[in-house]
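Here are my notes on the model you sent. Please read them with the structure open.

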Amino acid sequence: MSAATTWGYLESAPCSAPHPGPHTRRPGRRSHLRLVPTGPDVQASPTHSRVTRRGRLAITLLVTAAVLTLAMSLASGISAPTGVAQPTVTVASGQTLSDIAAAELPQLPVRDAVVQLQLANDLTSMQVHAGQVLVVPSAGR
């Protein structure tokens, strides 16, 4: 056990005169020694962690940001089902985009069919190479 100083009110023994300076004693207060347990006799007091208003706001914002990030990543990974697989054609040696457009989309004029093939395959030019696989779009697209 060790001793600790505590302040308590004693009505029976007031101080005689206040001391000058910032630490003046009030009448009726005296210091007393009180035994304080040490070592294994000490019981751990439960620690209560309090979250301030700013802390609650920060936690709320972090959770909201995490949920939004998760939702955005899931939404970008999900693509709409196409339903029917679009037919493809493999470019043969010496074949041009106009040849493929005329053969695969005969119901359209060649110029429009070429544009449809370029849009469906994200082509920026008329050049294709042998072995390239092209998606053939439907004519009404």
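1. The protein has 3 helices and 4 strands. Along the sequence the order is β-β-α-β-α-α-β. Helices (H or I, at least four residues) and strands (E, at least two) are DSSP runs, numbered from the N terminus.

2. This is a predicted model: local features need pLDDT of at least 70, side-chain atom pairs count only at pLDDT 80 or more, and totals for chains, interfaces and linings use all residues. Residues are numbered from 1 along each chain as its sequence is written, and side-chain values use heavy atoms, with hydrogens and water left out.

3. Of the 141 residues, 15% count as buried. Buried means under 20% relative accessible area, exposed over 50%, and partly exposed in between (1.4 Å probe, protein chains only). Among contacts (heavy atoms within 4.5 Å) with a separation of 6 or more, 50% join residues 24 or more positions apart.

4. Helix 2 (residues 97–104) packs on helix 3 (residues 110–121) at about 105 degrees, with the axes 8 Å apart. That makes the two roughly perpendicular, a class that spans 65 to 115 degrees; under 35 is roughly parallel, over 145 roughly antiparallel, and the rest oblique. Axes are lines fitted to C-alpha atoms, for helices over the stretch in contact, and angles run from 0 to 180 degrees between N-to-C directions.

5. Which residues meet there? On helix 2 they are L97, S98, I100, A101 and A102; on helix 3, V110, A113, V114, L117 and Q118. This contact divides into 8 nonpolar, 2 polar and no charged residues. Nonpolar covers Ala, Val, Leu, Ile, Met, Phe, Trp, Tyr, Cys and Pro; charged covers Asp, Glu, Lys and Arg; the others, Gly among them, are polar.

6. L97, I100 and A101 are the buried residues of helix 2. Seen down the helix axis, they fall within an arc of 100 degrees, so they line one face. The arc is that of the directions from the axis to the C-beta atoms. These buried residues pack against strand 3 (88–90), helix 3 and strand 4 (133–135).

7. Look at Q118, in helix 3. Q118 counts as buried because its relative accessibility is 18%. Its side chain reaches the backbone oxygen of S125 at 3.1 Å. Beyond neighbours within four places in sequence, Q118 contacts L97, L123, S125 and M126.

8. Check D122, in the loop between helix 3 and strand 4. D122 is not a glycine, yet its phi is positive, at about 55 degrees. Most residues other than glycine have a negative phi. D122 is exposed, at 68% relative accessible area.

Definitions and conventions:
Polar contact = N/O pair within 3.5 Å; in protein donor to acceptor, adjacent residues only side chain to side chain.
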